[in-house]
Amino acid sequence: MDCILALNGSRVVTSLSRCSNSNVVATASPDCTVRLWDMRTNGEGNTSAGSGMDKSLRQSHKAWVSSVQWSPTDPFVLATTSHDGTLKVWDIRSSLPLHTVRAVDKKGEKALCLAFGDGIIYSGGSDCVVKQFACKV
């Protein structure tokens, strides 16, 4: 396997997800931020240290962002979980989340992962509970 594109950032990447109908990748980081990257190559198939789009969803969370995933049905919507215990749903055209919910009940517990279902988002965390949230976006 050959690397065809490498975009250099300044933050650790702990989770990533590619939008199903574009070459935009969302990444999660311990610095509480979600970043969007345009992964289109320069057309020559060369490995690149190109700039790509690096749009941050500022003030994404109050703690480490543990998971990020694109909606399977809407190319502008993604969801994130965090060590701050929240699950957030974002429209990438806005800097504010569409929805923020407590994914864990006890203070200090962490939301660690998520998955989209049909009109549903599942989350799991350090509280050993899988929750299901209705998601209308």
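Trainee: Why is C32 called buried?

Mentor: The relative accessible area of C32 is 19%, and the limit for a buried residue is under 20%; C32 is therefore classed as buried. Please keep in mind that this is a predicted model. C32 belongs to the loop between β2 (24-28) and β3 (34-38).

Trainee: What makes the phi of C32 worth a remark?

Mentor: Its phi is near 75°, a positive value in a residue other than glycine. Most residues other than glycine have a negative phi.

Trainee: Which other loop cysteine has a positive phi, and is it buried or exposed?

Mentor: That is C128, with a phi of about 65° although it is not a glycine. C128 is located in the loop between β10 (120-125) and β11 (130-134). Its relative accessibility is 75%, and a residue counts as exposed when the value is over 50%, so C128 is exposed.

Trainee: Why does S56 count as buried?

Mentor: S56 has a relative accessibility of 15%. As the cut-off is under 20%, S56 falls in the buried class. S56 is part of strand β4 (residues 54-57). Leaving aside residues up to four places away in sequence, S56 touches T33, V34 and R35.

Trainee: What makes S82 a buried residue?

Mentor: S82 has a relative accessible area of 0%. That value lies under 20%, so the term buried applies. S82 lies in strand β6. Residues up to four places away in sequence set aside, S82 is in contact with H61, A63, W64, V65, S66, K110 and A111.

Trainee: Why is strand β5 described as mostly covered?

Mentor: Strand β5 covers residues 65-70, and five of its six residues are buried.

Trainee: How do you know that β5 and β6 pair?

Mentor: Pairing requires at least two bridges, and five bridges join β5 to strand β6 (residues 77-82). The two strands are therefore paired, and they run antiparallel. One of these bridges sets V68 against T80 in β6. The link between β5 and β6 is a hairpin of six residues.

Trainee: Why does one side of β5 and of β8 have no neighbour in the sheet?

Mentor: The strand order of this open sheet is β5-β6-β7-β8, with antiparallel pairing. β5 and β8 (97-102) stand at the edges and have a single partner strand each, so one side of each is left without a neighbour in the sheet. From one strand to the next, the twist averages 15°.

Trainee: What makes β7 and β8 a pair?

Mentor: Five bridges join strand β7 (residues 86-91) to β8, where at least two are needed; the strands therefore pair, and they run antiparallel. Within this pair, T86 stands opposite R102 in β8.

Trainee: Which strands form the open sheet of three, and why are β9 and β11 placed at its edges?

Mentor: The order is β9-β10-β11, again an open sheet with antiparallel pairing. β9 (111-116) and β11 each have a single partner strand, so one side of each lacks a neighbour in the sheet. Neighbouring strands here are turned by 25° against each other on average, direction ignored. β10 and β11 are joined by five bridges and run antiparallel. Among the bridge partners are S123 and, in β11, K131.

Trainee: How do you know that the charge of R93 sits over the ring of F76?

Mentor: The charged end of R93 is 3.9 Å from the centre of that ring. The distance limit is within 6 Å, together with an angle within 35 degrees of the ring normal. R93 is listed as sitting over the ring of F76.

Trainee: How many aromatic pairs are there?

Mentor: The count is zero. Ring centres would have to lie within 6.5 Å for a pair.

Trainee: What describes the protein chain as a whole?

Mentor: The secondary structure consists of zero helices and 11 strands. Buried residues account for 44% of the 137 residues. Of the contacts with a separation of 6 or more, 43% involve residues 24 or more positions apart. The accessible surface is about 7800 Å², and 53% of it belongs to carbon and sulfur atoms.

Conventions:
Residues numbered from 1 in each chain as written. Predicted model: local features only at pLDDT ≥ 70, side-chain atom pairs only at ≥ 80, totals over all residues. Heavy atoms only, no water. Phe/Tyr/Trp six-rings, centres within 6.5 Å; stacked < 30°, edge-to-face > 60°. Buried < 20%, exposed > 50% of the residue type's maximum accessible area, 1.4 Å probe, protein only. Helix = DSSP H or I, 4+ residues; strand = E, 2+ residues; numbered from the N terminus. Axes fitted to C-alpha atoms, helices over the stretch in contact; angles between N-to-C directions. Contact = heavy atoms within 4.5 Å. Areas by Shrake-Rupley, 256 points an atom, 1.4 Å probe, with all protein chains shown as cover.
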